[in-house]
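Here is a friendly walk through the fold, from its overall layout to a few individual residues. Have the viewer open as you read.

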Amino acid sequence: MSTQAANPLATEFELELDKPLTAYWIAILRVLTGWWFFHSGVTKLIEDGLAYSYGPAYMQQMTGTALGPIPVWMGNNLAWLIAPGVPLFETLIGLALMAGLLTRLASVGGVFFMTLFWIGNAEFGHGVVNSDLMGLLLFVTVLVLGAGRYYGLDAIVEKMQFVKQNPKLRYILG
């Protein structure tokens, strides 16, 4: 039985991201997330080149989703951009995350893709919490933590004079 009257949960909670184990884990999470997207993009490039026709077809079938007619319109009218864009952007997002360069910008791209994938699975056959949502959460985590600063090239780029003179660039780095 505790004799302590104070609530231990009422004290301030602080997550220290400067510890070595945390830094390693954030870097590993970034690299694995990057590899996942890089592999997906390169596989599409090898199989279909820049003519990945499943992307527009997938969007054309997104009727009845929370996004309404927007993805259907995109699939019908932007197929010229989506077919080469999906494998190319997946590959570039993956490369950027693995290298830790422009990490936040790449993560925003990953969030965009994973949001479309998650909402596109409107039937939610495996529930609302599914692998698409987990991928979305991985990208958000990498974005929020500025994971490129942990053993990534963003840590080097941020020390450059150009970035120091333009500190708003740090919003796309990290």
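## An all-helix layout

Followed along its sequence, the protein chain has the pattern α-α-α-α-α-α-α-α. Its secondary structure amounts to eight helices and zero strands. Please keep in mind that this is a predicted model. Of the 174 residues in the protein chain, 36% are buried. Taking contacts between residues at least 6 apart in sequence, 68% join residues at least 24 apart.

## Two helix pairs

Two packed helices are described by the angle between their axes and the distance between the axes. The table sets out these values for two pairs.

| Helix pair | Angle between axes | Distance between axes | 
|---|---|---|
| α1 and α6 | about 135° | 10 Å |
| α4 and α5 | about 135° | 9 Å |

Let us begin with α1, which spans residues 20–48, and α6, which spans residues 131–145. Are they parallel or oblique to each other? An angle over 145 degrees would count as roughly antiparallel, and one of 65 to 115 as roughly perpendicular; α1 and α6 are therefore oblique. The crossing in which α1 passes α6 is left-handed. On the α1 side, Ile26, Leu29, Arg30, Thr33, Trp36 and Phe37 take part, and they meet Gly135, Leu138, Phe139, Thr141, Val142 and Leu145 of α6. Sorted by class, this contact of α1 with α6 has eight nonpolar, three polar and one charged residues.

Next come α4 and α5, which are likewise oblique to each other. Their crossing is left-handed. From α4, the contact draws on Gly85, Val86, Phe89, Glu90, Ile93, Ala96 and Leu97, while α5 brings Thr103, Ala106, Ser107, Gly109, Gly110, Phe113 and Phe117. By class, the contact of α4 with α5 has eight nonpolar, five polar and one charged residues.

## The nonpolar core

In soluble globular proteins, nonpolar side chains tend to be buried together. Which residues touch the most other members of the largest nonpolar core here? Among its 24 residues, they are Phe37, Met59, Ile93, Leu97 and Phe139. At least two residues of this core come from each of α1, α2 (54–60), α4 (79–99), α5 (103–120) and α6. The most come from α4, which gives five residues.

Setting aside neighbours within four places in sequence, Phe37 is in contact with Glu90, Thr91, Ile93, Gly94, Gly110, Phe113, Met114, Phe117 and Phe139.

Is Ser107 buried or exposed? Buried means under 20% relative accessible area, and Ser107, at 0% relative accessibility, therefore counts as buried. Not counting residues up to four places away in sequence, Ser107 touches Leu97, Phe139, Val142 and Leu143.

## Two loop residues to check

Leu102 is not a glycine, yet it has a positive phi of about 55°. Leu102 is located in the loop between α4 and α5, and its 34% relative accessibility makes it partly exposed.

Tyr151 also has a positive phi, of about 60°, although it is not a glycine. Where is Tyr151 found? Tyr151 sits in the loop between α6 and α7 (153–157). With a relative accessibility of 56%, Tyr151 counts as exposed.

How values were computed: Residues are numbered from 1 along each chain as its sequence is written. This is a predicted model: local features need pLDDT of at least 70, side-chain atom pairs count only at pLDDT 80 or more; totals for chains, interfaces and linings use all residues. Side-chain values use heavy atoms; hydrogens and water are left out. Axes are lines fitted to C-alpha atoms, for helices over the stretch in contact, and angles run from 0 to 180 degrees between N-to-C directions. Helices (H or I, at least four residues) and strands (E, at least two) are DSSP runs, numbered from the N terminus. Angles under 35 degrees count as roughly parallel, over 145 as roughly antiparallel, 65 to 115 as roughly perpendicular and the rest as oblique. A crossing is left-handed if the near helix is turned anticlockwise from the far one by less than a right angle, and right-handed if clockwise. Contact means heavy atoms within 4.5 Å. Ala, Val, Leu, Ile, Met, Phe, Trp, Tyr, Cys and Pro count as nonpolar, Asp, Glu, Lys and Arg as charged, and the others, Gly among them, as polar. A nonpolar core is a set of buried Ala, Val, Leu, Ile, Met, Phe, Trp, Tyr and Cys residues joined through side-chain atoms within 4.5 Å. Buried means under 20% relative accessible area, exposed over 50%, partly exposed in between (1.4 Å probe, protein chains only).
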